[in-house]
Amino acid sequence: MGRPPHPPSARAPRDESALKKIFILLRGQTNHDFSQYKPSTILRRIERRLAVHQLETMDEYVKYLQKTPREVNELFRDLLIGVTGFFRDAEAFAALEETVIPKLFAGKPAGAPVRVWSPGCSTGEEAYSLAILLVEHMEKMKRSFKLQVFASDIDPSAVNQARAGVYPAGISADISQERLARFFTAAPEINSYRVHKGIRDILVFSEQDVIMDPPFSKLDLISCRNLLIYMSGVLQKKLIPLFHFSLNPGGYLFLGTSESVGEFNELFAVLDRKSKLYQRKEAFLVPQRPTQGRFLPHRTAEEVFEAQASSQNPVPGKLRLRELTEQALLQAVSPAGALVNNRGDILYLHGRTGPYLELAPGEAGVNNVLKMAREGLRRDLSEALHEAAAGNGTVRRYGLVVKADGTSSSINLTVRPVAAEPSAAGRTVPPEASGSFLYLIVFEEAPPAAPKRARGTAAIPPSGNPEDNPSITDLKRELRIKEESLQAANEELETSNEELKSSNEELQ
């Protein structure tokens, strides 16, 4: 007998190097890139495969994948959590039917196209639900239109099942008897229902990766429900502008219960916040047309410049002068700083960090910068690190009052993402930093200025405009951070629920 499976928490080390190898194997065999999906979801599904094969570590699983190509496909299918259903979330579909569907036809002449896209369609239930709503409204209008519903997914087996349009008899729990009789044909011999040909002809199913492949365009509605919850914040921020590009002026976006357009309020107006219905705005800065491979990792301009410079033969004299200059500048400025990973674990310290960090009490081990932050610094440091990790680039905080050894000082804080390259300049990078973004935290003494106002106190700004009040600005920033944290928690909960439903369906 094999070894009994260990609990996931004890069995799944967060080995980013092994995870990167798994992504490479997946991409090499399936042509799909999962590196920008949420790590928590990916790790849970990998832990599931570890339990199935009674393996202890991710490194063991990498070796197993390398020897067993079939397992790569099994992992690929496990990562695709195909939980769906006809008219899923009845209240949201009722709001869509009442609020949006009539507007798709409004102002269009007879025979004009009505185009809808359902990315991540899985086995097609949601796409057929949209087609049924379109047909029902067209029949009410007693006019003919060219209905087109494009449904896409990266799972070829799910697309083939959707294209066939055959579903188990249990769908009668989600569909009214009127719709069953109108749009489905019963097949008692196989205990199932088949979608009428008239509805199937409206749909175009295709295998498509929304991350890498060109999107559909000139659409009146995009229904992308419970797909974004599996993707990282960086990827979500790339897909929302892509949806804006794909929609016609005034087009509509239908998202899942725990999803939103995030910070892109300039691109989409809220129609129904509870049902996650949005309408396309005409933004002043319209995103450029996405191209194939746009979302794939690419080198920055700085990396290209450094690569070009390193490929040339350096002049020893000039190189020596450059090193002397850089060393002199570093000695003159000498800021204190810390290099951390996305969890705040300290990988390297530079300069005098004592005024800003102190050793956390408890057992010695991996030091975390958030636990070591001195009084007055922890909250702003946590928020800045969260913003930088969410893909907001370099984040700065000015005039923070930090207390150390009975004295207070005003400092400026900078958190800057740093791409970790395993073999940069011939130096090694620790495993916890390999293949990921690290974050450089810089502490600098703030120049003399007026004392920072205590939190919670108000002041009348010189301009007389309340929006210029620093306290109001701080409160708005804190509220935005809390909203983003709540959104991330909701997405994580919804993702876990989807995985649980998927596992239950497999067991049944």
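Biologist: Is Ser 246 buried or exposed?

Modeller: This is a predicted model, in which local features need pLDDT of at least 70, side-chain atom pairs count only at pLDDT 80 or more, and totals for chains, interfaces and linings use all residues. Residues are numbered from 1 along each chain as its sequence is written, and side-chain values use heavy atoms, with hydrogens and water left out. A residue is called buried under 20% relative accessible area, exposed over 50% and partly exposed in between, using a 1.4 Å probe and protein chains only. Ser 246 has a relative accessibility of 0%, and therefore counts as buried.

Biologist: In which helix is the place of Ser 246?

Modeller: Helices are DSSP runs of H or I with at least four residues, strands are runs of E with at least two, and both are numbered from the N terminus. By that numbering, residues 233–246 form the helix that holds Ser 246, namely H11.

Biologist: Which residues does Ser 246 touch, not counting those up to four places away in sequence?

Modeller: A contact requires heavy atoms within 4.5 Å. With residues up to four places away in sequence not counted, the partners of Ser 246 are Trp 117, Pro 215, Phe 216, Ser 217, Lys 218, Leu 219 and Ile 222.

Biologist: How many Å separate the C-alpha atoms of Pro 214 and Ser 246?

Modeller: Pro 214 is in the loop between strand S6 (203–207) and strand S7 (219–224), and its relative accessible area of 36% makes it partly exposed. Along the chain, Pro 214 and Ser 246 are 32 residues apart, while their C-alpha atoms are separated by 9.9 Å.

Biologist: Why can the buried residues of H2 be said to line one face of the helix?

Modeller: The buried residues of H2 are Glu 16, Ala 18, Leu 19, Ile 22, Phe 23, Leu 26 and Thr 30. They line one face because, seen down the helix axis, they fall within a limited arc, taken from the directions from the axis to the C-beta atoms. On the other side of H2, Ile 24 and Gly 28 are exposed. The arc holding the buried residues is 155°.

Biologist: Which helices do the buried residues of H2 pack against?

Modeller: H2 covers residues 16–30. Its buried residues pack against three stretches, 39–53, 58–67 and 69–79, which are helices H3, H4 and H5.

Biologist: What is the orientation of H2 to H5?

Modeller: The axes, lines fitted to C-alpha atoms over the stretch in contact, are 10 Å apart at an angle of about 100°, on a scale from 0 to 180 degrees between N-to-C directions. The contact joins Ile 22, Leu 25, Leu 26, Gln 29 and Thr 30 of H2 to Pro 69, Val 72, Asn 73, Leu 75, Phe 76 and Leu 79 of H5. Angles under 35 degrees count as roughly parallel, over 145 as roughly antiparallel, 65 to 115 as roughly perpendicular and the rest as oblique. The angle therefore makes H2, relative to H5, roughly perpendicular.

Biologist: At roughly what angle do the axes of H6 and H7 cross?

Modeller: The residues of H6 in this contact include Phe 93, Leu 96 and Ile 101, and those of H7 include Leu 130, Leu 133 and Met 141. The axes of H6 (residues 90–105) and H7 (residues 125–141) come within 10 Å and cross at roughly 55°.

Biologist: What percentage of the residues in the protein chain is buried?

Modeller: The protein chain has 16 helices and 15 strands. Of its 508 residues, the buried share is 43%.

Conventions. The expected span of a helix is 1.5 Å times one less than its number of residues.
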